[in-house]
Amino acid sequence: MACIYGDVMKIDTTGASEKTAKQDKLTVKGVDASKKLAENDLNRMEKYKSIITKVGRAKQMDPAVIAGIISRESRAGAALKDGWGDHGNGFGLMQVDKRYHTPAGAWDSEQHITQATEILIGYIKEIKAKFPQWTPEQCFKGGISAYNAGVKNVRTYERMDVGTTGDDYANDVVGRAQWFKSKGY
């Protein structure tokens, strides 16, 4: 399925930081760590695959990127308590922040994944407007970074993840998404 925002397989990535890799006590970092973290979430992710694919198709968003965000944000639900994370501020598989958005649907529902995907698409479009000279893939990655830390945090392509959780958000999500793509997402 084509994603109108760019090809995740063409986005350069340094993958997960050492800090992020430590979540699963990994001794590797970078893209290898992102792949391993995604792999550790695969069994849980499978129960959401049909919803992820449906929303991806409807919103013209790569399902692998949705899976990458779900893996990073909630470990496919494993990091949530009653659907909530981030000290009660983040809702659902994709951690919609209630301080900025009114969460929609149940924490693991199609409605939730649709809302979060629409938020991501909005950020990609804002990054495109802010950096009109960037390629679609650069804007895609910038939008993923903004999903975590806001459009204001994205100042340069090279340093877009500085200030994101673990200083590696977009790079880790892209690394995970590329792995999920290889698994049919």
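## Glu110 and Lys54

Glu110 is partly exposed, at 32% relative accessibility. This is a predicted model. Glu110 pairs with Lys54 in a salt bridge, with the closest N and O atoms 3.1 Å apart. Lys54 lies in helix α3 (residues 49–59) and Glu110 in helix α5 (residues 110–130), so the bridge ties together parts 56 residues apart in sequence. Lys54 counts as partly exposed, at 46% relative accessibility.

The structure holds 16 salt bridges. One of them joins the side chains of Lys141 and Asp12 (3.5 Å, N to O). Lys141 sits in helix α6 and Asp12 in the segment before α1 (18–21), 129 residues apart. Lys141 is buried, with a relative accessible area of 3%. Asp12 is partly exposed, at 45%.

Asp168 and Arg72 also meet in a salt bridge (2.8 Å, N to O). Asp168 is in the loop between α6 and α7, Arg72 in helix α4 (residues 63–74), 96 residues apart. Asp168 is buried at 2% relative accessibility. Arg72 is buried at 9%.

## A salt-bridge network

Asp168 and Arg72 belong to a network of salt bridges.

Asp172 lies in helix α7 (residues 169–182). Asp172 is buried, because its relative accessibility is 0%, and buried means under 20%. Beyond its neighbours within four places in sequence, Asp172 contacts Thr13, Gly15, Ala16, Thr20, Ser34, Leu37 and Arg72.

## A positive surface patch

Lys130, Lys152, Arg155 and Arg159 gather in a patch of positive charge on the surface. Arg159 is found in the loop between α6 (136–149) and α7. Arg159 is exposed, at 54% relative accessibility.

Key:
Residues numbered from 1 in each chain as written. Predicted model: local features only at pLDDT ≥ 70, side-chain atom pairs only at ≥ 80, totals over all residues. Heavy atoms only, no water. Helix = DSSP H or I, 4+ residues; strand = E, 2+ residues; numbered from the N terminus. Buried < 20%, exposed > 50% of the residue type's maximum accessible area, 1.4 Å probe, protein only. Contact = heavy atoms within 4.5 Å. Patch = residues over 30% accessible without salt bridge, like charges linked within 9 Å, V, L, I, M, F, W, Y side chains within 5 Å. Areas by Shrake-Rupley, 256 points an atom, 1.4 Å probe, with all protein chains shown as cover. Salt bridge = Lys/Arg side-chain N within 4 Å of Asp/Glu carboxyl O. Lys, Arg positive; Asp, Glu negative; His and termini not counted. Charge placed at Lys NZ, Arg CZ, Asp CG, Glu CD.
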